[in-house]
Amino acid sequence: MRVRILTCLLLLAVCFDAAASDLYAAINRLRAGEGNCAVAAGLPPLMPQAALERVAGDLARGAELQQSLTAAGYRATKSSALSIRGDGVGAQAERMLEKQSACRQLQDAAVTEVGVYRDARELWIVMAAPFAPSVGESEQAAGQRVLDLVNQARATPRYCGNTRFNAARPLRWNDTLAEVSRLHAEDMARYNYFSHGGRDGSNPAQRVERAGYRYRSTGENIAAGQMKPEEAVAGWIKSPGHCANLMNPAFTEMGVAFAVDPGSELGVYWAQEFGRPR
């Protein structure tokens with residue numbers, strides 16, 4: 001009797017897994033533009049994710065999406081959920097998902113992973129993109145891009161807050177300032193803080209001096225969360241204090257670096273050091 005019950009339970013598990021696999025396949029067929037969904041060119045399939053399956057089950061029990069993601073330990077840059085209710089939802093799931101509103105969600109290029117929960121009368125689908133910060137280019141390439149963008153900005157008169165700055169001469173790259181930038185960016189990323197003050201109590205001028213850079217003037221910009229050099233520079237230009245550093249005619253050199261840590265709050269941290277040597 002015990003063997004027969006275990007066999008039945010095993011068969012049910014196999015059937016359930018097959019049904020879930022079929023549902024994931026149906027979701028990805030619609031994502032690819034099959035059925036009544038409009039064609040979506042080049043979208044990769046959504047990958048099943050166990051944590052999102054737990055989230056989908058929580059939603060079926062009345063939980064909130066963000067709270068469920070946090071409870072499951074899933075950190076998302078974007079997430080969404082859709083549900084279908086009614087008798088026979090299992091057999092009708094693919095047909096009901098073909099409705100245009102569901103197609104738009106299934107074909108969201110920003111999401112990459114999926115989890116489903118289904119019972120006799122309810123289907124929940126949770127889609128998300130995991131938090132995976134990346135700049136997408138080398139430190140050298142990013143540094144050169146920031147230098148180019150900063151010099152483009154300095155070539156044009158502008159207001160930084162209420163203060164008007166004339167166009168300034170272009171900056172040149174300095175390896176020592178870049179190394180100071182790298183060390184501070186890495187420290188912020190590793191220890192999950194965002195400040196001009198270092199954990200050792202140092203200020204930007206002290207860090208520059210410690211590295212052996214003898215300066216007449218120096219300054220620092222920091223940023224966090226931006227995945228591209230263009231985003232970091234745009235943020236500095238919008239911030240009066242950072243913009244003033246960027247436009248300051250007293251500076252002649254700069255270095256910049258970024259650091260990435262998926263375990264940190266903001267993911268990507270930037271530091272930019274300015275200077276004028278003695």
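Q: Where does the largest share of the lining of the largest pocket come from?

A: It comes from H7, with 4 residues. H7 (175–191) and H8 (204–210) each supply at least two lining residues, where helices (H or I, at least four residues) and strands (E, at least two) are DSSP runs numbered from the N terminus. This is a predicted model, in which local features need pLDDT of at least 70 and side-chain atom pairs count only at pLDDT 80 or more, while totals for chains, interfaces and linings use all residues. Residues are numbered from 1 along each chain as its sequence is written, and side-chain values use heavy atoms, with hydrogens and water left out.

Q: What makes a residue part of the lining of the largest pocket, and which residues are they?

A: On a 1 Å grid over the protein atoms alone, a pocket is an open set of points where a 1.4 Å probe fits, with protein on both sides within 12 Å along at least five of seven lines, and a lining residue has an atom within 4 Å of a point. The residues that line the largest pocket include Val180, His184, Asp187, Tyr193, Arg199 and Arg210. By class the lining has 4 nonpolar, 3 polar and 5 charged residues, with Ala, Val, Leu, Ile, Met, Phe, Trp, Tyr, Cys and Pro counted as nonpolar, Asp, Glu, Lys and Arg as charged, and the others, Gly among them, as polar.

Q: How do you know whether phenylalanine 251 and phenylalanine 274 are buried or exposed?

A: Buried means under 20% relative accessible area, exposed over 50%, and partly exposed in between (1.4 Å probe, protein chains only). Phenylalanine 251 has 3%, and is therefore buried, and phenylalanine 274, at 0%, also counts as buried.

Q: What makes the pair of phenylalanine 258 and tryptophan 270 stacked or tilted?

A: The ring centres of phenylalanine 258 and tryptophan 270 lie 5.3 Å apart with planes at 50 degrees, so this pair is tilted. Phenylalanine 258 in E9 and tryptophan 270 in E10 are 12 residues apart, and both are buried.

Q: How do you know where the charged end of arginine 199 sits?

A: A charge sits over a ring if NZ of Lys or CZ of Arg is within 6 Å of the ring centre and within 35 degrees of the ring normal. The charged end of arginine 199 sits over the ring of tyrosine 191, 3.5 Å from its centre, and that of arginine 75 sits over the ring of phenylalanine 131, 3.7 Å from its centre.

Q: Why is glutamine 272 called buried, and what is in contact with glutamine 272?

A: Glutamine 272 lies in E10 and has a relative accessible area of 0%, so it is buried. Contact means heavy atoms within 4.5 Å; leaving aside neighbours within four places in sequence, the contacts of glutamine 272 include Val146, Ser181, Glu220, Trp236 and Met254.

Q: Why is asparagine 192 called partly exposed?

A: Asparagine 192, in the loop between H7 and H8, has 37% relative accessibility and therefore counts as partly exposed. Its phi is near 55 degrees, a positive value in a residue other than glycine.

Note on methods: Rings of Phe, Tyr and Trp (its six-membered ring) pair if their centres lie within 6.5 Å; planes under 30 degrees apart count as stacked, over 60 as edge-to-face and the rest as tilted.
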